[in-house]
Amino acid sequence: SQETGGEGGSFLIAENNWGQGVAALDLIESEARYTVTSLGGEFQVYNDEFSADKMMTNIQGMLSSGADGIMYFGSVATLIPNVSQMCQQAQVPFVIFDQIPAEEAVLEQLEANPYYVGSVGTDNYAAGANMATRALESGCTKALILGGAMGDPVHDARISGFTETFEAGGGTVAGVARCDSPADGTTKCDDLIAANPDADCIYALTGDYATSALTALNNHSADMKVYASDATANTMQDLKDGKIEVADGGTSIVTTLAGTLLVNYLKGNPIQDADGKAPYLNTIVAFPITAENGSAATR
């Protein structure tokens with residue numbers, strides 16, 4: 001079939017990075033670039049700088065720049081309907097990845113949009129629940145949680161999974177700190193530890209926040225076990241050094257799958273579910289990484 005996107009059958013795909021300079025987010029960007037270029041396309045990235053306003057400006061910029069498709073990192077859940085409407089008006093297909101919608105009303109709106117290609121994300125509730133189980137098995141009873149801003153669909157789900165599982169197992173979540181960006185992580189974790197010096201573990205919602213937690217623990221000369229989702233290069237080294245108990249990895253596969261969905265659409269081969277709708281994949285579970293298997297693991 002005829003490929004979309006200009007001379008020579010090439011196509012241009014744009015992606016928004018919620019905040020460049022953060023290891024986990026830059027890894028997502030790198031994976032998106034690799035996927036698109038490996039499949040024969042050109043790739044552009046726009047930096048949201050942790051700003052919802054900048055994100056919307058960037059989406060408009062993608063649409064006006066001639067992008068043939070958009071990989072949308074939907075970190076602000078309330079803006080997903082707006083982005084969908086903008087893409088439909090511009091007749092530009094888009095796929096949502098990693099931070100995907102969960103509300104039925106939003107999903108129904110998306111499914112009515114012929115330019116919506118699908119959503120691919122991990123089972124973030126399970127990610128949090130699995131970390132809680134690990135903490136309980138190691139004897140932890142009082143936990144702290146450190147992560148990104150409220151309303152972040154990934155972090156909200158991980159907190160729910162950890163909290164409900166940890167408390168069902170007899171533990172207590174003594175404090176939760178939410179940060180506008182990882183730059184706030186150490187200060188927020190300092191405050192958590194100062195208010196709860198008897199806590200025995202910290203669940204960091206990404207590898208960047210695990211680094212912040214370790215810095216804060218060092219500041220207080222405190223001894224708490226650290227569990228982390230979304231391992232980064234720093235996380236991997238800290239695992240090997242015994243500073244982090246368990247992390248998880250492998251979630252970048254959602255970026256690969258999302259890019260593949262979009263490229264197939266652009267090539268005239270849209271992938272649909274059994275009901276003829278754009279696929280909604282939210283069951284990918286990250287694998288555990290420990291000091292023992294860390295040498296062979298990647299995010």
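Visitor: At what angle do helix 1 and helix 10 pack?
Guide: Helix 1 (residues 23-38) and helix 10 pack at an angle of about 35°, and their axes are 9 Å apart. Helices (H or I, at least four residues) and strands (E, at least two) are DSSP runs, numbered from the N terminus. Axes are lines fitted to C-alpha atoms, for helices over the stretch in contact, and angles run from 0 to 180 degrees between N-to-C directions. This is a predicted model, in which local features need pLDDT of at least 70 and side-chain atom pairs count only at pLDDT 80 or more, while totals for chains, interfaces and linings use all residues. Residues are numbered from 1 along each chain as its sequence is written, and side-chain values use heavy atoms, with hydrogens and water left out.

Visitor: Which residues of helix 1 and helix 10 meet?
Guide: From helix 1, Ile 28, Glu 31, Ala 32 and Thr 35 meet Thr 255, Thr 256, Gly 259 and Thr 260 of helix 10, where contact means heavy atoms within 4.5 Å. By class, this contact has 2 nonpolar, 5 polar and 1 charged residues. Here Ala, Val, Leu, Ile, Met, Phe, Trp, Tyr, Cys and Pro count as nonpolar, Asp, Glu, Lys and Arg as charged, and the others, Gly among them, as polar.

Visitor: And how do helix 7 and helix 8 cross?
Guide: The axes of helix 7 (residues 185-195) and helix 8 (residues 207-220) come within 8 Å and cross at roughly 50°. The two helices are therefore oblique to each other; under 35 degrees counts as roughly parallel, over 145 as roughly antiparallel, 65 to 115 as roughly perpendicular and the rest as oblique. Among the residues in contact are Cys 189 and Ile 193 in helix 7 and Ala 213 and Leu 217 in helix 8. The contact divides into 7 nonpolar, 6 polar and 1 charged.

Visitor: Helix 3 and helix 4: parallel or perpendicular?
Guide: Helix 3 (residues 80-90) and helix 4 (residues 104-111) cross at roughly 5°, their axes coming within 10 Å, and they are therefore roughly parallel. Ile 80, Pro 81 and Ser 84 in helix 3 meet Val 106, Gln 109 and Leu 110 in helix 4.

Visitor: Changing topic, how many residues are in the largest nonpolar core?
Guide: That core has 47 residues, and Ile 59, Tyr 72 and Leu 110 are among those with the most contacts inside it. A nonpolar core is a set of buried Ala, Val, Leu, Ile, Met, Phe, Trp, Tyr and Cys residues joined through side-chain atoms within 4.5 Å. Helix 10 (residues 253-266) supplies the largest share of this core, 6 residues. A second, separate core of 25 residues includes Ala 204, Ala 213, Leu 214 and Ala 247.

Visitor: What does Ile 59 touch?
Guide: Not counting residues up to four places away in sequence, Ile 59 touches Tyr 72, Val 83 and Met 86.

Visitor: Where is Asp 230, and what is its phi?
Guide: Asp 230 is in the loop between strand 9 and helix 9, and its phi is near 55°, a positive value in a residue other than glycine. Most residues other than glycine have a negative phi. Phe 50 likewise has a positive phi, of about 60°.

Technical notes. Buried < 20%, exposed > 50% of the residue type's maximum accessible area, 1.4 Å probe, protein only.
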